4 protein chains.
Amino acid sequence: MTAPGKPLEFRDHSKPVLPPGGILLETIASEVCGTDVHLHDGHLDSVPWPIIPGHVSCGRVVEVSGHPRDPFGDEIKAGDVVTFYDVYGQCGSCYSCLVAKQETRCPHRRVYGITTTATDGLLGGWSTHIELRPGVRTLKLRNGASVEDFMGGGCGLPTGFSAVERGGVVFGDSVVVQGAGPVGQSAAIFARLCGAGRVLMIGGPKDRIEAARARGIDEAIDIGEMRDPGERRRWVLDQTQGRGADLVIEATGNPAAVREALEFVRDGGRVVVVGQYTDAGDIGLSPHRHINRKHVTLLGSWGYEFRHLYLSLGGLERTRERFDWAGFVTREYRLDQAEAALGDMRNQSVLKALIRP
Amino acid sequence: MTAPGKPLEFRDHSKPVLPPGGILLETIASEVCGTDVHLHDGHLDSVPWPIIPGHVSCGRVVEVSGHPRDPFGDEIKAGDVVTFYDVYGQCGSCYSCLVAKQETRCPHRRVYGITTTATDGLLGGWSTHIELRPGVRTLKLRNGASVEDFMGGGCGLPTGFSAVERGGVVFGDSVVVQGAGPVGQSAAIFARLCGAGRVLMIGGPKDRIEAARARGIDEAIDIGEMRDPGERRRWVLDQTQGRGADLVIEATGNPAAVREALEFVRDGGRVVVVGQYTDAGDIGLSPHRHINRKHVTLLGSWGYEFRHLYLSLGGLERTRERFDWAGFVTREYRLDQAEAALGDMRNQSVLKALIRP
Amino acid sequence: MTAPGKPLEFRDHSKPVLPPGGILLETIASEVCGTDVHLHDGHLDSVPWPIIPGHVSCGRVVEVSGHPRDPFGDEIKAGDVVTFYDVYGQCGSCYSCLVAKQETRCPHRRVYGITTTATDGLLGGWSTHIELRPGVRTLKLRNGASVEDFMGGGCGLPTGFSAVERGGVVFGDSVVVQGAGPVGQSAAIFARLCGAGRVLMIGGPKDRIEAARARGIDEAIDIGEMRDPGERRRWVLDQTQGRGADLVIEATGNPAAVREALEFVRDGGRVVVVGQYTDAGDIGLSPHRHINRKHVTLLGSWGYEFRHLYLSLGGLERTRERFDWAGFVTREYRLDQAEAALGDMRNQSVLKALIRP
Amino acid sequence: MTAPGKPLEFRDHSKPVLPPGGILLETIASEVCGTDVHLHDGHLDSVPWPIIPGHVSCGRVVEVSGHPRDPFGDEIKAGDVVTFYDVYGQCGSCYSCLVAKQETRCPHRRVYGITTTATDGLLGGWSTHIELRPGVRTLKLRNGASVEDFMGGGCGLPTGFSAVERGGVVFGDSVVVQGAGPVGQSAAIFARLCGAGRVLMIGGPKDRIEAARARGIDEAIDIGEMRDPGERRRWVLDQTQGRGADLVIEATGNPAAVREALEFVRDGGRVVVVGQYTDAGDIGLSPHRHINRKHVTLLGSWGYEFRHLYLSLGGLERTRERFDWAGFVTREYRLDQAEAALGDMRNQSVLKALIRP
């Protein structure tokens, strides 16, 4: 990607010289996610064009320099199938890292495929190879998890999990997930795995709702068939003994959903906002009715930490069959079909699209 | 008060017959708070007119029925000077009380002076006597705390404290309090007592700012002298090493302050909304910029529990001299001056007004 | 039960006169739990002999006085099949209830079948009928849960759940449960339902270990076949990548298990002690090695609140088939076989014993 | 120090060659703390003899290599008076660092003056100069804090603060601190600053108790004058309305104090163990009476993070006058008097001893 709206270009890169601790991957699959669409649509600021898109990927190790290890001490060797934490460069030394302990707000963090420029190297997954710099946190796929399983979760896997953790499921909670895309699907599954008593989903289109139902979500409605917000609110109240949901997780990208979340949640409940990665406009809300009188807790959820990737990958490995993670992948594309992949994601005709270089 | 906007009326009530466990107080002082102004201005719904206003009060026990005790087992006797938790009637049996453990959201709670009707008895403080029903939680003033000390805090004492507790001060936090009324003053003091490193206030009018400064608030600015929101934001950044505040407590009643709070707070910080007790309109905000990307925690704070009254009263007793709580009382009124008291509160010419029947 | 060690006696009681709000149950089943054995063995102090044992029970409503309701507002009527929270009489007015918010430590609480005397009424389940005093929290069995399902969990259901909640499972945690009795089985299941990644059990005898394995516990060892504590510790380390468990839940009744728990847990991990309901002696431990240097969190877990009963019953209703709760009941006894039931519980030849009057 | 029990030796070191980012300090003062006594008495394992003792120190920058910065971005320059976080080398990549987020349990951490050998460089404060390796977290003394102020707190400053944070003071809590040494004094002050309602101390000798009283501790007793544990327990109950303390912080080094703490604490309260840095033997306790029935939370507190040093230093800067931190220093010693300093610490004839090279 060279600039918003411009056709994608294919460029040849010379084989990188690995610094000590570096790893070279042959790409097996890389994700096409909503952020890639936003990138191409020019919704993100400060992108260091040109970039190689693809922030979450899997690959086979083809070369290592020295003896790189995973965070648990296992050596990474040629032939291993791995993924990696797409964020690197946290300074470990600023207020966010050291005092607030909120490393996702470190100003020095950089992200493969989003905030790294192609002129610096093979730092994105839509490429035949990916260069892992020293210190990039690498994880082998284990316990029978396949590339398809992991990529079925993709970046939605840790994003949804971290939103659920931020919301703090209490055993038995009723949870409404707004949005049926990869983040919403993952949030719904992890809400269940963390003890939710009743998981509801409102989203679309229809095939995504079917995908959720097939994975045991208690009730899921296609927003295309329930267009009236008042009706949706009544539905949530009906499903929650008239109280509203204990926890609402917004994963839509539509600002209006945030106000709606505040009308779905019970007094004293929690709302997590994880779907607003770009600025799609303001909403109006009443500080009295939506916040103060409701005694609500409203939580922004930005990014995820390495531990969210590690823990959610573990969860995926334990539930490969139960939740058919691999089944979320609805289409695969060659590198030269990447424009088509972006288009299909934009119009939501696929749930999860992969680039297979 | 018989209806919104109507002149106050004085009515004679017959002496109540106390049920077992009941207590009759001779009123020493009762508060005129912002809620009373809102009541009279018709901003609250479902008020059971006529009412006797005055939800937080002190009195001298003149009669008891049986052997009522305070929550710690001490017997309440004639002559004791007491205050009481103005909320009663929580059912102890609903989802809010039993499962969510958020008794302030119990639908059965009633409040002296606000949601109790005068036809049910002397259930408000703007009266020569107050009737405490069995089970109303009564506390003696102890450790040298005078009626003036306690009423200097008034309902702002537990309201401000509960907001601070909800915000969860981390030792050393920078805290911005928006609003210089009784809730704001109390919140600023309790933020300091709970370990805040730097307490800042933005409010008005000028004499309230002076009152805060006199109590050791680190920096307080008169909003009348800094009318530009952008300038206020720059001031907060300047005061917090460019990061924004760790915690912002909104205690203003002005909806616009909530959006401003979200611009004052640092990434990953917390905002408590405690000033929006009536619906004064909607605000616009960006779910992306103000919530999701900020990874912010926004907390509504409605009402307070008995433990907030008990703990904040203990704090007041320990800091009578340090914070000159009694000094917050800027004017006292006889019962027949109650209209004037409402007027003075409405135009903020007093910080804390008392009715002395 | 008239005194420790004495034979059980059968006594006739006259039919109780229900006060308003009272409920009379015909007993369907009542539990024989470890506490009943301890009662009969004289391990509990201050028991108001004679008592009717049986603290957790199910019954059919045969008479109501007035219109009693469950905590969610549903009226309780003749014919309903219900259970109830065995603890009543919390004052709602003491430091524990009001300030510390730890109602299980309220000095006024009383427990059916344990701290209530038979001279006060039918306040225990080993009886043809049970009298529910006004305010006793009553729950209907719903969503297809049978008496056998609920009694399969019995008092271990909320006790195990509250221990898990106290321990605070983090998604993916490795959890060791010590003890394979009803509390241990319940704790293991709820640890899984709350997101544990790996649930291990150490206990006995063999059939209890089989029962755990049949319910999907990852690994369970029969302590009778691994008698050496050092070997057990090595086994736990082997199962947890050499780190020790994130969370250990002690549910054995054997004091030595607490020291062992502190050797099973990883640095910085958590240990919940829920198995020490009577004083079976002191243990020795090193404050340096077991606590300080380990940076451990050690949590006593006494009793359970109504919300634990309510939430764990909901969990049981949702997982009737997955965990075969009813299958934990290994033998049923008539009232006149109660001595035999105590004997079988004492020698652990049954997992869960019921009295069926 | 070359080995346990051996006389201290003075050795000449050549001036270190600083790697990029390194800093050379001229030592102004270094601490003699309890750990140094334990080192010399041979109570610590795995010490890489010989070592230069002195883990917490202040110095003046005499040389820098490159442009080292403090964690907030300020450049460190020659002439600056600084202290530094004595722990370095956390890997940032292990389970403790990345998943559990408990960096004090990272197996790769090393500590100046304790776990670093003199053959590796000037890595301890009992030396004319100290070498700060790249990445050692360096803090300038600010806001008027002097070397004497900071060293008056010494390593007890962050250790006591982290223990208080671990204990989680609730506003109004009654807190008992066991031990009147530097950690206990610091814990008592921070408990107050974090909102404790009543701070009590039990320790000795007499002059340390006087030091605590002079700083406003509510009640402090000299353990030499109250030798009977039963009497101490009654005293704590008397001071806490018969309930026991909400929070007990053990900072003594005496294992028996841990059992006593469990008898001082109220049901449902918290105990922090921060005084057991070496193994001084086992204690006996009853899992039933001391842990389970008490519903207690017992928390080991090992080491401190950089943020504890940073936040406690900020607290010290704000309270220099109120708590007379500098006044804790009771004696200063030249390098050649270090043996005498160890002796005085061992027999507790000084509260805080400094080496002034």
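Predicted model: local features only at pLDDT ≥ 70, side-chain atom pairs only at ≥ 80, totals over all residues.

Q: How many residues does chain C bring to its contact with chain D?
A: Start with the side that belongs to chain D, which puts in 40 residues. For chain C, the number of residues is 40.

Q: About how much area is buried between chain D and chain C?
A: Carbon and sulfur atoms give 51% of that area. On the chain D side, Tyr95(D), Asn292(D) and His295(D) supply 19% of what chain D buries there, more than any other three residues.

Q: Which element of chain D gives the largest share of the side that touches chain C?
A: Several elements of chain D supply at least two residues each, including helix 8 (256-264), strand 12 (265-273) and strand 13 (283-285). By type, that side of chain D splits into 15 nonpolar, 14 polar and eleven charged residues. The largest share is five residues, and the element they come from is helix 9.

Q: Which residue is the bridge partner of Ile283(C) in strand 13 of chain D?
A: Strand 13 of chain C (residues 283-285) is joined to strand 13 of chain D by three bridges, and the two run antiparallel. For Ile283(C), the partner in that strand of chain D is Leu285(D).

Q: How far apart in sequence are the parts that Asp41(A) and Arg346(A) tie together?
A: These two form a salt bridge, with their closest N and O atoms 2.7 Å apart. Asp41(A) is partly exposed at 33% relative accessibility, and Arg346(A) is partly exposed too, at 41%. Asp41(A) sits in helix 1 and Arg346(A) in helix 12 of chain A, so the bridge ties together parts separated in sequence by 305 residues.

Q: Which residues are joined into one network with Arg142(A) by salt bridges that share partners?
A: Arg142(A) and Asp74(A) meet in a salt bridge at 3.4 Å, N to O. Arg142(A) lies in the loop between strand 7 and helix 3 of chain A, and Asp74(A) in the loop between strand 2 and strand 3, so the pair links parts 68 residues apart in sequence. Both count as partly exposed, Arg142(A) at 33% and Asp74(A) at 32%. The residues joined with Arg142(A) in the network are Asp70(A) and Asp74(A).

Q: Is Glu305(A) buried or exposed?
A: Glu305(A) makes a salt bridge with Lys101(D), the closest N and O atoms being 2.7 Å apart. That pair crosses between chains, from the loop between strand 14 and helix 10 of chain A to the loop between helix 2 and strand 5 of chain D. Lys101(D) is partly exposed at 33%. Glu305(A) has 12% relative accessibility, and under 20% counts as buried, so the word for Glu305(A) is buried.

Q: What is the separation of the C-alpha atoms of Val273(D) and Val258(D)?
A: Val273(D) is found in strand 12 of chain D and counts as buried, at 0% relative accessibility. Not counting residues up to four places away in sequence, Val273(D) touches residues of chain C, among them Pro287(C) and Ile291(C), as well as residues of chain D such as Val258(D) and Leu298(D). Val273(D) and Val258(D) are 15 residues apart along the chain, and their C-alpha atoms are separated by 7.1 Å.

Definitions and conventions: Residues numbered from 1 in each chain as written. Chains lettered and ligands numbered in written order. Heavy atoms only, no water. Contact = heavy atoms within 4.5 Å. Buried area = accessible area lost by both parts, 1.4 Å probe. Helix = DSSP H or I, 4+ residues; strand = E, 2+ residues; numbered from the N terminus. Nonpolar A, V, L, I, M, F, W, Y, C, P; charged D, E, K, R; others polar. Pairing = 2+ DSSP bridges. Salt bridge = Lys/Arg side-chain N within 4 Å of Asp/Glu carboxyl O. Buried < 20%, exposed > 50% of the residue type's maximum accessible area, 1.4 Å probe, protein only.
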